[in-house]
Amino acid sequence: MLLNLEQIKAIDSSSIWLQLSADEIDRANPNPQLYTNSTGLYHAGLNQLCLMKIGAWLDRQQINHHPSFNETEFSTVWDVVTGCAIEIGKLRLILIPSENLDRDELRVPQEWIDLPNWAGDYYLGVQIDLESNTIDIWGFASHQALKDKGQYSSRDRTYHLTTDSLIYNLDLLWIAEELDLAPRNVIPELPSLSLDRALELIKIISKPSPYSPRLALNFDEWGTLLDNPTLRSQLHQTRLQRAAIAQAPAPTFSLVEWLNREFNRAISLGWQTSQSIGVMSPNHQYNNTIERAKLIDLQIDLQRETVVLLLGIIPETVDRMRIVVRVHPAIGSRYLPPQLQLSYVDLDGISLRTVTARTNDDYIQLPAYTCPIGMEFNIQLQLHTARSIERFVV
């Protein structure tokens with residue numbers, strides 16, 4: 001049953017209605033560099049707004065609380081599953097935001113019910129209306145109710161309860177907290193995964209897609225990846241790298257051209273001599289290296305870091321060449337930003353080798369390696385959430 005805003009308010013007088021300001025909506029915009037597709041970015045926006053606004057409301061009620069995950073961890077969640085979690089005393093509340101006006105049921109992703117480290121005590125339906133700029137906490141249910149009375153849908157892996165099975169008086173939540181009630185069913189541990197199998201699964205489900213891969217594996221394997229913070233972070237980073245590679249321009253010149261002193265196509269893409277960019281290469285053992293350099297901008301929130309990527313090639317045989325990759329500070333900077341990472345990344349988004357800048361490093365360099373003519377490879381620069389991918393063909 002679809003109702004307009006005034007009809008819903010009249011029926012649900014016990015709901016908590018919160019007004020959103022334009023500034024709050026702007027501040028809740030997620031960082032797109034942390035998400036692999038528009039679906040994840042959309043869910044992140046709703047969840048971030050929900051978490052921020054309800055957190056502020058709890059502050060006004062003088063109710064101590066904190067998020068169950070930090071900001072970085074939430075991006076690994078929201079990229080694949082909607083929902084957010086907060087702790088109030090010994091209670092964990094799971095917030096399920098939605099823009100839908102249909103209140104026939106509360107629908108909760110299985111991950112928030114059946115993962116030992118994710119499951120909560122109570123689940124709150126949160127309606128976000130960006131036309132009227134309101135948030136409405138419209139009802140809730142316990143973990144036990146969702147497991148015992150809820151219907152499970154294998155089609156989208158959700159548990160759902162109809163509205164007549166929900167509780168609408170939020171005061172009962174605070175009473176439950178005061179009485180130290182935690183009506184959470186015992187959640188069985190998930191089967192363990194070997195590291196090799198986990199990495200294999202991550203590779204399988206990291207192919208760029210406009211949707212979450214949460215239905216691509218059986219729930220035991222998928223759940224084990226998500227329930228483990230290290231594996232979930234690895235999955236997220238691999239998906240981000242695969243998405244960045246897919247979005248990066250395909251190679252339009254071959255490095256073999258540099259051996260023949262043909263640089264026109266490389267120049268059109270920003271590759272210059274290191275001297276023209278103002279970078280002096282460090283002394284190295286390869287006297288016959290052919291080098292070119294490119295300015296790389298890394299955007300971090302409202303700040304920009306610019307560094308110089310140097311790529312050198314050394315012919316070894318008629319069909320193989322040696323690759324040398326370095327990064328230097330741009331003009332005006334003496335040192336590289338600490339924690340800047342330079343990596344060889346394969347087509348599956350896996351970092352094959354990484355070096356990281358320390359404090360006062362004036363350049364970093366990957367180990368040189370030999371590859372055959374015609375081979376493709378990727379170089380990634382990453383600083384915190386910002387990354388840049390350059391794709392090459394030898």
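Predicted model: local features only at pLDDT ≥ 70, side-chain atom pairs only at ≥ 80, totals over all residues.

User: What makes a residue part of the lining of the second largest cavity, and which residues are they?

Analyst: A lining residue needs an atom within 4 Å of a grid point of the space. Thr 76, Asp 79, Val 80, Arg 232, Leu 235, His 236 and Arg 239 line this second largest cavity. By class, they divide into 2 nonpolar, 2 polar and 3 charged.

User: How do you know that the second largest cavity belongs in the count?

Analyst: The count takes cavities of 30 Å³ or more, and there are 2 of them. The second largest cavity holds about 40 Å³, so its value passes that cut-off of 30 Å³.

User: Why is α9 called roughly perpendicular to α10?

Analyst: The axes of α9 (residues 219-227) and α10 cross at roughly 100° and come within 5 Å. Angles of 65 to 115 degrees count as roughly perpendicular, so α9 is roughly perpendicular to α10.

User: Which residues make the contact between α9 and α10?

Analyst: From α9 come Trp 222, Thr 224, Leu 225, Leu 226 and Asp 227, and they meet Pro 229, Leu 231, Arg 232 and Leu 235 in α10. The residues of this contact divide into 6 nonpolar, 1 polar and 2 charged.

User: Where else does α10 turn up as a lining element?

Analyst: In the largest pocket, where α10 supplies the largest share of the lining, 9 residues. This pocket has a volume of about 880 Å³. It is lined by 40 residues, and Leu 34, Gln 237, Gln 382, His 384 and Thr 385 lie nearest its centre. The lining has 11 nonpolar, 24 polar and 5 charged residues.

User: What lines the second largest pocket?

Analyst: The second largest pocket, with about 730 Å³ of space, is lined by 31 residues; Thr 82, Pro 97, Ser 98, Asn 100 and Arg 107 lie nearest its centre. The elements α3 (38-60), β4 (91-98), β5 (105-109) and β6 (122-129) each supply at least two lining residues. By class, the lining has 12 nonpolar, 10 polar and 9 charged residues.

User: How do you know that β5 and β9 are paired?

Analyst: Two strands pair if there are at least two bridges between them. Here 5 bridges join β5 to β9 (residues 158-162), so they count as a pair, and they run antiparallel. In that pair, Glu 105 has Thr 162 of β9 as its bridge partner.

User: Why are β5 and β8 called edge strands?

Analyst: The open sheet has 3 strands in the order β5-β9-β8. β5 and β8 (151-153) each have a single partner strand, so one side of each is left without a neighbour in the sheet. The twist averages 25° from one strand to the next.

User: And what makes β1 and β2 edges in the sheet with 6 strands?

Analyst: The order there is β1-β7-β6-β4-β3-β2, with mixed pairing. β1 (16-19) and β2 (66-67) each have a single partner strand, so one side of each lacks a neighbour in the sheet. Within this sheet, 8 bridges join β6 to β7 (residues 134-142), and Ile 128 stands opposite Ile 135 in β7. α3 packs on the sheet, with its direction at about 15° to that of β3 (84-88).

Notes: Residues numbered from 1 in each chain as written. Heavy atoms only, no water. 1 Å grid on protein atoms, 1.4 Å probe; cavity = no way out; pocket = protein on both sides within 12 Å on 5 of 7 lines; lining within 4 Å. Helix = DSSP H or I, 4+ residues; strand = E, 2+ residues; numbered from the N terminus. Nonpolar A, V, L, I, M, F, W, Y, C, P; charged D, E, K, R; others polar. Axes fitted to C-alpha atoms, helices over the stretch in contact; angles between N-to-C directions. Parallel < 35°, antiparallel > 145°, perpendicular 65-115°, else oblique. Contact = heavy atoms within 4.5 Å.
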